Amino acid sequence: MEEEDTGKKREVEKDGKKVFVWERHAKYFAMFFQALPAHLQYLDSQRLMLTHFALSGLDLLGKIDALDSKRSRIVDWIYSLQVTPSSEYSVGYCGFRGSPSNGGGKTNTGSPPANEEDCAHLTMTFCALCSLTVLGDSFERLEKQAIVDSLKHYQQEDGSFSAVHTGGETDMRFVYCACSICTILGDWSGVQREKMVEYILESQTYEGGFAQGPGMEAHGGSTYCALASLSMMGELDSLEEHRRQKLMEWLSQRQQTGFNGRPNKLTDTCYTYWIGASFALLNRKSLVDLFTLREFLQQTQNTVIGGFSKHPGVAPDPLHTYLGTAGLSIFDEKGLCPVDPGNPRFVLTHVRAFTHVLLIVFSFVPILSHPDPVNVTAGHTTCNDKHPI
């Protein structure tokens, strides 16, 4: 027993220092292509989101090739969830469902809505496009124009977006999803960017952070969504100096050991990405105490089955595992492929995936319609090999 304990300790420590067990985290992500753990079965209706986390996580770990034998089946499964247009249901319905339990799932090209309630969800469409890109799909089966046209229906008068055809919340999360979809497809014709920018700027609070909407409380997740959306639209310069200063003060107050999402809340693994990427978008990563951040994340990683949890001592889940991994990649953690949140390719995690989507986009349109096109060959394409500390 003592030898076994020593062997386990050797796997999580190197030269007396704790390390991240990336091989086990890769196995944790890969598990979701075989079974859904019992404690996560309540997420069955959002299986496409879980697929996005798992695929993107494996991509960041440089392990996406482990799925080569399953790649075509995963792509077919994603397309089976596509909501295709019909004579009865078209604008506002098209995109992707979250799971076969929501409808579809019968063909590898998708199916039209079965009824008025059978519509796409904006977040699931974002997850589908990211996943297809990571898998190297050509988008040949994608109902691109129907998705772009549906964005016009989702956008509200104040510039925000709803997630579904009728009803539901409208907030910053879906502004981010809409921007990401436009970036991946290289087509902004389905949205009114001026209204989006106005909505984002009106959502900055007196504290400095951004809320889900005007008059609400600033939050780490919505701050990231706001900054990332401005970045994708080429509008980060619309943040005047006094706005940036207040924002930097608010972001700097989020670090305890890890980051929290708002004042008087516990630190949480997911904010490694939400807050970390916000610092990166503003070119202020140097303000982060990386040593204490890594110490916190070493407490939330599960060294037995892999994965990261929300807080130390609780079960891991794919969302926190992916966001913890992506957050560490932003800070050049050894063993991870790079995330570049300084331009639109950050929505696709590993920069290799964004290079792929640019090639697809150029087959759709002669010139990329993003306001600030990205050099296809710019940035890193290999995994980080140096430790930041």
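Which residue forms a salt bridge with Lys285, and how many Å apart are the closest N and O atoms? The partner is Asp332, and the closest N and O atoms are 3.9 Å apart.

## Basis of the report

This is a predicted model, in which local features need pLDDT of at least 70 and side-chain atom pairs count only at pLDDT 80 or more, while totals for chains, interfaces and linings use all residues. Residues are numbered from 1 along each chain as its sequence is written, and side-chain values use heavy atoms, with hydrogens and water left out.

## Salt bridges

A salt bridge is defined as a side-chain nitrogen of Lys or Arg within 4 Å of a carboxyl oxygen of Asp or Glu. The structure contains 15 salt bridges. One of them joins Lys285 to Asp332. Lys285 is in the loop between helix H11 (271–281) and helix H12 (290–300), and Asp332 is in the loop between helix H13 (318–330) and helix H14 (351–364), so this pair ties together parts that are 47 residues apart in sequence. Helices (H or I, at least four residues) and strands (E, at least two) are DSSP runs, numbered from the N terminus. Lys285 is partly exposed, at 31% relative accessible area, and Asp332 is partly exposed, at 40%. Here, buried means under 20% relative accessible area, exposed means over 50%, and partly exposed lies in between (1.4 Å probe, protein chains only).

Another salt bridge links Asp118 with Arg97, with the closest N and O atoms 2.7 Å apart. Both residues lie in the loop between strand E4 (95–96) and helix H5 (122–134), and the pair therefore ties together parts that are 21 residues apart in sequence. Asp118 is buried at 6% relative accessibility, and Arg97 is buried at 1%. A further salt bridge connects Lys195 with Glu157, their closest N and O atoms being 2.9 Å apart. Lys195 belongs to helix H8 (residues 193–202), whereas Glu157 is in the loop between helix H6 (144–154) and strand E5 (161–162), so parts 38 residues apart in sequence are tied together. Glu157 is exposed, at 67% relative accessibility.

## Cysteines

A disulfide is counted when a pair of cysteine sulfur atoms is within 2.5 Å. By this rule there are 0 disulfides. Cys130 is in no disulfide, since the nearest cysteine sulfur, that of Cys127, is 6.9 Å away. Cys130 is buried at 1% relative accessibility, and Cys94 is buried at 2% relative accessible area.

## Helix packing: H3 and H13

Two packed helices are described by the angle between their axes and the distance between the axes. Helix H3 (residues 47–60) packs with H13 at an angle of about 35 degrees, and the axes are 9 Å apart. Axes are lines fitted to C-alpha atoms, for helices over the stretch in contact, and angles run from 0 to 180 degrees between N-to-C directions.

Contact means heavy atoms within 4.5 Å. Residues of H3 including Leu50, Phe53 and Leu60 take part in the meeting with H13, where the residues include Leu319, Tyr322 and Ala326.

## The enclosed helix H11

In H11, 10 of the 11 residues are buried, so this helix is largely enclosed by the rest of the structure. Among the buried residues are Tyr271, Ile275, Phe279 and Leu281. The cover over the buried residues of H11 includes helix H9 (220–232), helix H10 (241–252), H12 and H13. After H11 comes Asn283, whose phi is positive, near 60 degrees.
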